[in-house]
Amino acid sequence: LLQQRGYRTICVHPYPASFYKRDKLFPMLGFDQFVDISEFEVVTKQHKGDCHFVGDEVVADKVLELLGQESEQPTFVFVITMENHGPLHWETVGPSDRTRFFDAPLSPDFDDLVAYTRHLANADAMFGQLAERLIRHDRSAVLCIYGDHVPIMPTVYAAAGEPDGLTDYVIWRPPGQGMQHAPAQRDEIRPVETLADDILHAAFAPNA
């Protein structure tokens, strides 16, 4: 739909584009460009972050680079991050990680949760970078953040119980672009399947 409306449509995913045949599927979905792991290899050797995949800080730099390119077209960037994907048990956590994020002692059963929380902090920093850039952007913008599934942490769930499988999402526009007077709302009813409609409404409704 966005491609038909004249948007430049880009997918950013720091993993091989051929995985799950995304290199074939995403053009069929309407993406003009796929930025995969091949465009991150040089910078990843310099700064990978504290994970086994490309860090969110590096991904944010790539998105900001794309947004900074001169284009008469509006731009849609769909980003699939990898930093907090896991397997989290491949990682090590130390006492400083535990005290940074938790105010009570944790057993080793929760090491995966400590690692995941560390990645969430990096994700928050990435969202802040993007939001700051969109505030200074000379065009209207919409930022949507969502998780496609809960993290895989079997030892944590064995100790604390299984999650319900629901993931949160947020839709945000910079102040002055139609939503500054609307209070933040938490909708417990609308499922993530409606997310595309919600994003389009935020982007195109006159008084979104």
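1. Read along the sequence, the elements of this predicted model follow the order β-α-β-α-α-β-α-α-β-α-β-α, and the protein has seven helices and five strands. Of the 208 residues in the protein, 34% are buried. Among contacts between residues at least 6 apart in sequence, 66% join residues that are at least 24 apart.

2. How do the axes of helix α3 and helix α5 come together? The axes of α3 (residues 56-67) and α5 (residues 111-136) come within 9 Å of each other and cross at roughly 15 degrees. Because angles under 35 degrees count as roughly parallel, α3 is described as roughly parallel to α5. The crossing in which α3 passes α5 is right-handed.

3. The contact between these two helices can also be given residue by residue. On the α3 side, D56, E57, V59, A60, D61, V63, L64 and L67 take part, and they meet H119, N122, A123, M126, Q129, L130, R133 and L134 of α5. Sorted by class, the contact of α3 with α5 has nine nonpolar, three polar and four charged residues.

4. A search of the whole structure for aromatic pairs finds nine. One of them joins Y15 and F19, whose ring centres lie 5.2 Å apart and whose planes stand at 75 degrees, so that the pair is edge-to-face. Both residues of this pair have computed accessibilities: Y15 counts as partly exposed at 27% relative accessibility, and F19 counts as partly exposed at 38%.

5. F31 and F78 form another aromatic pair, this one tilted, with 6.1 Å from centre to centre and 45 degrees between the planes. Since F31 lies in the loop between α1 (22-29) and β2 (33-35), while F78 lies in strand β3 (residues 75-79), the pair ties together parts that are 47 residues apart in sequence. With a relative accessibility of 13%, F31 counts as buried, whereas F78, with a relative accessible area of 23%, is partly exposed. Both residues also belong to a cluster in which ring pairs link F26, F31, F34, F76 and F78.

6. Is P14 buried or exposed? P14, which lies in the loop between β1 (8-12) and α1, has a relative accessibility of 2% and therefore counts as buried. Leaving aside residues up to four places away in sequence, P14 touches D36, I37, F40, V54, V59, I80 and M82. Among these contacts of P14 is V59, a residue that also takes part in the contact of α3 with α5. The C-alpha atoms of P14 and G55 are 9.1 Å apart in space, although the two residues are 41 residues apart in sequence.

7. Which residues does F204 touch, when those up to four places away in sequence are not counted? F204 lies in helix α7 (residues 195-204), and on that count its contacts are L2, R5 and Y7. At 31% relative accessibility, F204 counts as partly exposed. F204 and V142 are 62 residues apart along the chain, and their C-alpha atoms are separated by 9.9 Å.

Conventions:
Residues numbered from 1 in each chain as written. Predicted model: local features only at pLDDT ≥ 70, side-chain atom pairs only at ≥ 80, totals over all residues. Heavy atoms only, no water. Axes fitted to C-alpha atoms, helices over the stretch in contact; angles between N-to-C directions. Helix = DSSP H or I, 4+ residues; strand = E, 2+ residues; numbered from the N terminus. Parallel < 35°, antiparallel > 145°, perpendicular 65-115°, else oblique. Left-handed = near helix turned anticlockwise from the far one by under 90°. Contact = heavy atoms within 4.5 Å. Nonpolar A, V, L, I, M, F, W, Y, C, P; charged D, E, K, R; others polar. Phe/Tyr/Trp six-rings, centres within 6.5 Å; stacked < 30°, edge-to-face > 60°. Buried < 20%, exposed > 50% of the residue type's maximum accessible area, 1.4 Å probe, protein only.
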